[in-house]
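Please keep the 3D view open as you read.

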Amino acid sequence: MEITAHGLWSLIHGMGFGGLYLLACSGAIVELWRRYAPGAPAEPSTRDERFFRIYLVAMAALGWLAVLTGAYIVYPWYRAIPPAGTISLAGYPQRLLMSSPTTIGWHSLGMEWKEHVAWLAPISITMAAAVFIRYGRAIRKYPPLRNAVLSFVVVSLIAAGIAAFFGAEIDDQAPVTGGATIHLINGGK
Amino acid sequence: MSTQSMTARPIEAADETALPNGSGAAALLAAGIGAFALAVLAIMGDRIAAFGKFAVFYKPTGPLSGVTTCAIAIWLVAWLILDLRWKRRDVALSRVSAAALTLLVLGVLLTFPPLANLF
């Protein structure tokens, strides 16, 4: 069982940082909705509050790692230009997608949207983390602020979801491969 | 107790109602501005050849590198300026929130290629 270095980075970017971010988003939404609503029955403890601060900071780190690895490690491999005379476009995902009318949309709509909309997720969650670090449980005293932060987190989930959907589909249609081959495990006989 | 030592108290110990909402409003509006700036810069990178060329900060990534770096710079500068102006006062939070959310939604919509291509 083997994987290429480019494929491994694609996995780290998408399923690692991106996937964990998506999972964490739902937790942040539930927490903000349930515990920090004005008039929520139970006052969050100092321990809960500290945990949620760390949780949001970790989410922001995941969001930034996802977009930075995507833009600066995986994307250059995706948009690599094949040398003149190249017959197989297998190592050039963007060109492979653009070579057929049945797949060009995955680039012209999917990648074009994904490469920009994904950045709204770390911007939104960094703001949410900063606001929560500043206000903590006091955010319950400011319903418009808490509602707006919650809305930004929801939009960040949508943005990350769009990026994840197109990322997964593009990788299915034209995977990023190449680089050194990493041997994972021997298969059965 | 000096003013400085009072403001340095941890949030848990502070009177929650004494926290001005300005800092939160500044963070919100700046995030909205950053999201909208990203979409506008992405359209500019695609439509204006000179800007697209300028935006190549890192050649393997192409114009995306400059578009996103400039948007992040705009977001952080806006945040810094707004925070300096608002951190010690209360602002009209509902209006600021509405403006921030409108900018964020516009940011999402304007990154959608069929809409971005209208410009």
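Predicted model: local features only at pLDDT ≥ 70, side-chain atom pairs only at ≥ 80, totals over all residues.

A residue is called buried if 20 or more other C-beta atoms lie within 10 Å of its own, exposed if 12 or fewer do, and partly exposed in between, with C-beta atoms placed from the backbone. Ile158(A) is partly exposed because 16 other C-beta atoms lie within 10 Å.

Residues are numbered from 1 along each chain as its sequence is written, while chains are lettered from A and ligands numbered from 1 in the order in which they are written.

Ile158(A) lies in helix α6 (residues 143-173) of chain A; helices (H or I, at least four residues) and strands (E, at least two) are DSSP runs, numbered from the N terminus. From Ile158(A) to Trp33(A) is 125 residues in sequence and 17 Å in space, C-alpha to C-alpha.

**Helix α5 of chain A**

α5(A) is mostly covered, with 14 of its 16 residues buried. Just after this helix, Gly136(A) takes a positive phi of about 55°. For α5 of chain B (residues 93-110), the 18 residues should span 26 Å, and the 25 Å between its end C-alpha atoms agrees.

Two packed helices are described by the angle between their axes and the distance between the axes. Here, axes are lines fitted to C-alpha atoms, for helices over the stretch in contact, and angles run from 0 to 180 degrees between N-to-C directions.

| Pair | Axis distance | Angle |
|---|---|---|
| α5(A) and α6(A) | within 8 Å | roughly 150° |
| α5(A) and α2(B) | 9 Å | about 175° |

Angles over 145 degrees count as roughly antiparallel, so α5(A) is roughly antiparallel to α2(B). Residues are in contact if their C-beta atoms, placed from the backbone, lie within 7 Å. In this pair, the contact includes Ile123(A), Met127(A) and Arg134(A) of α5(A), and Ala27(B), Leu28(B) and Leu38(B) of α2(B). By class, the contact has 11 nonpolar, 4 polar and 1 charged residues, where Ala, Val, Leu, Ile, Met, Phe, Trp, Tyr, Cys and Pro count as nonpolar, Asp, Glu, Lys and Arg as charged, and the others, Gly among them, as polar.

α5(A) and α6(A) are also roughly antiparallel to each other. Among the residues making their contact are Leu120(A) and Ala128(A) of α5(A), and Phe152(A) and Val153(A) of α6(A). That contact has 13 nonpolar, 2 polar and no charged residues.

**Where the chains meet**

The contact between the chains takes 33 residues from chain A and 36 residues from chain B. On the chain A side, the elements giving two or more residues are α2 (46-78), α4 (104-117), α5 (120-135) and α6. The largest share of that side, 8 residues, comes from α5(A). The chain A side divides into 22 nonpolar, 6 polar and 5 charged residues.

**Chain B**

Chain B has 6 helices and 0 strands, and buried residues make up 37% of its 119 residues. In α5(B), the buried residues include Val96(B), Leu103(B) and Val108(B). The buried residues of α5(B) pack against α4, α5 and α6 of chain A, together with α2 (22-47) and α6 (113-116) of chain B.

Definitions and conventions: Contact = placed C-beta atoms within 7 Å. Parallel < 35°, antiparallel > 145°, perpendicular 65-115°, else oblique. Expected span 1.5 Å × (residues − 1).
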